[in-house]
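Please read the points below with the model open beside them.

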Amino acid sequence: MKKHINHVTVLGSGIMGSGIACQFANIGVSVLLLDIVPSELNEIEKAKGLTLEDKTVKNRIATDNLLKAIRSKPALLYHPSFASRISVGNFTDDMEKIKNSDWIFEVVVENLTIKKSVYDQVEKFRKPGTFISSNTSGIPIHLMSEGRSEDFRKYFAGTHFFNPVRYLQLLEIIPTQDTSREVINFYLNYGEKFLGKTTVLCKDTPGFIGNRIGVYSMYKLMSLTHELGLTIEEADVLTGSILGRPKTGTFKLGDLVGLDTALNVTAGLKQNCPEDTMIQALESTKFMDFLVENKFLGNKTGKGFYYKEKGTDGKDIRYALDLNTLEYRLQERPKLPIVETAKQAGETAAKLKVLLTSKDKYGEFIRKHFASLFAYISQRIPEISNNLYSLDDAMKTGYAWKSGPFETWNTLGIAEGIKLTEQEGFEVSPWVKDMLTNGNEAFYKVDENGKSLYYDPESQSYKAIPGQEAFIILNNIRPSKTIWKNSGTAIEDLGDGIINIEFRSKMNTMGGEVLEGINKGIEIAEKEYRGVVISNQGSNFSVGANLALIFMMAIEQDWDDLNMAVDLFQKTTLRVRYSDIPVIVAPHGMTLGGGCELTMHADRVVAAAETYIGLVEFGVGVIPGGGGSKEFARRASLNYLNDDVKTNRLRDAYMNIGMAKVATSAYEAFDMGILQHGKDTVVVNKNRQISEAKKQAILLAEAGYTRPFPEKFQVLGKNALGMFYVGSDQLVNGHYASDHDRLIANKLAYVMTGGNLSEPTPVSEQYILDLEREAFLSLCGEKKTLERIQYMLQNGKPLRN
């Protein structure tokens, strides 16, 4: 089914409706956002003398909700200007406008009667062939389509997004028996390719997949916490980042979601899943009853399992609920020895094995959790899905688990998982034991072509996970396609004459091993291949240079080695720009410091929409030393029109570095001058990023790529330098900056204006790089800089003066 989506209507402007509207605006689609007409005037409207018939009043609910979405933090829009793609209206006056839409989303209150009344109106104006879907999180989809026209039912399905829509990647597609196969495939493909989601096909069962598994897991963990005598802080430590899950853990997540919501979903599952014995075994708890009765519903009410208040000194005092006494006490920060031991184990799977072997109550807590989870997910196949990978995808992208439950079980070993489950008094579904009996010892495996296979219980065989054709999965190809590696990088053959340089260091920091890998990859490609992609599939592209190494050399005053290290970094970024083959960099997530510098020297950039990129070195007391200061000065000099423009462009570039600005999306990076219009591209689905980068490398190679010629660029000299010096003095005099801040700022200004030049002068890149390196080294010798670097290493955030 070939359909183009140019205009959508969203019926209902609440948190989910406005979030869906923003995501479609993010990808360039025009959106009409509608909601009900207010029943009475508010005080502002009364003061203005407005009536219920005024258009601004009638549109107030949709308008106010859209403004909340636009102002939300973190931002729901990739760029503030994208808000212009959304218009608002109301159900009374504007429902007829849906005739212009290609897709209609219903996102009204979770009440079947109200939804059906909305559909009555939709049927009057919807043109045949228009997609129509509901974002319901729990109402059976088939009940909503009852009594509708044949064309309506053919195009109708559940399309369940997760909140916040921009950041959680899960999109559950729930068809009815009447939804056509072509429409189902369209929803699955459009959500993945255009909206950047992981689309999961669900059966029309209570809670679908994500909430069915997620809510059971959360409620069971809360019950186990009380049963085994853990504090809520201990439980959150045990179920947070140590397991590769959100650092909130279980109870803080409950506060974030809303305890009434969690309780209502659980109650709905108990009511609508009478044959789900594990859901039925969940019992109400005194602490949940206490919280709901007192309307302590979490973050939305300011109080839940946790809350905070201001002390007499103005600082936050944090409290946590004692599950036994139902009284609040000062929040603790537990240091659990078994967790500290597990942190040293390496990957998440290794950490889990350490936790499972603990003989104390914390180990028992982890064992009971995973035993119940393994039993539960095995029993949900084929009830909620025929495909076990769908459950994993739902939990990874809807609940932000690093590994899905079947993936975790796969890592531990199927037999070990069965043993654990039965030792804790739970039962796995017979199909799991059958697969072992038949000699199938894994839920997942990789074939000789690097494709992921999953075990299909129905056919008792392995099948390829669909949709992989558009993706390159480095974990799958690394074992057979690696042509060179060291401790920090791996170079893989992507096929068609393109190789990939993958960072493999901790947090993808850029130390000597990574720089060696970049240079080696380009060297190999220049001899034997057509192009290079620099990419990885970690959580972040790179958090920058290896600060610990810089700190050590500075403390030991090993200036020669530090000079050589910075010089190597500069030579590497220049090597990326001036090589005989095209080099494509594919940043995503945090792309900071050195990662940003590398990106700015690529022939082309294929950035994930969720790329948070910037030069943040100022925060640790230095200036960018890997070519970033030089590159911003070079780009500021391009297309000068007159003296004022020269100064303004240089000032903007200087402020980007001096304020350690980080773009909150790839689109904002264009505004900052980090990405370049007409050259760099953005992909919404990160899973497609490496494939797209490979395509760009092939395009450049086939177009007859030639090494760029190094050209001089103009710097502004002493006049501009004086302007920056005056500015930094004013900041210090106004107590907005410290003397150390001024020192860094003046060093940066000296580099970006070309140093001691009497007038605007054309200079080479190497001239500025030498100034940049000298300034970087001198700042590393400052006591205040070393204090900032040490604080960053210890606390993971910059020291504020």
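1. Strands are DSSP runs of E of at least two residues and helices are runs of H or I of at least four, numbered from the N terminus, and two strands pair if DSSP finds at least two bridges between them. This is a predicted model, in which local features need pLDDT of at least 70 and side-chain atom pairs count only at pLDDT 80 or more, whereas totals for chains, interfaces and linings use all residues. Residues are numbered from 1 along each chain as its sequence is written, and side-chain values use heavy atoms, with hydrogens and water left out.

2. β16 and β17 form a hairpin with two residues between them, and Asp496 in the turn has a positive phi of about 60°. The two strands pair in the antiparallel sense over six bridges, with Asn500 of β17 as the bridge partner of Glu492.

3. On pairing with strand β18 (residues 531-534), β17 runs in the parallel sense over four bridges, and here the bridge partner of Asn500 is Val533.

4. Leaving aside neighbours within four places in sequence, Phe406 is in contact (heavy atoms within 4.5 Å) with residues including Ile377, Leu391, Trp431 and Phe443.
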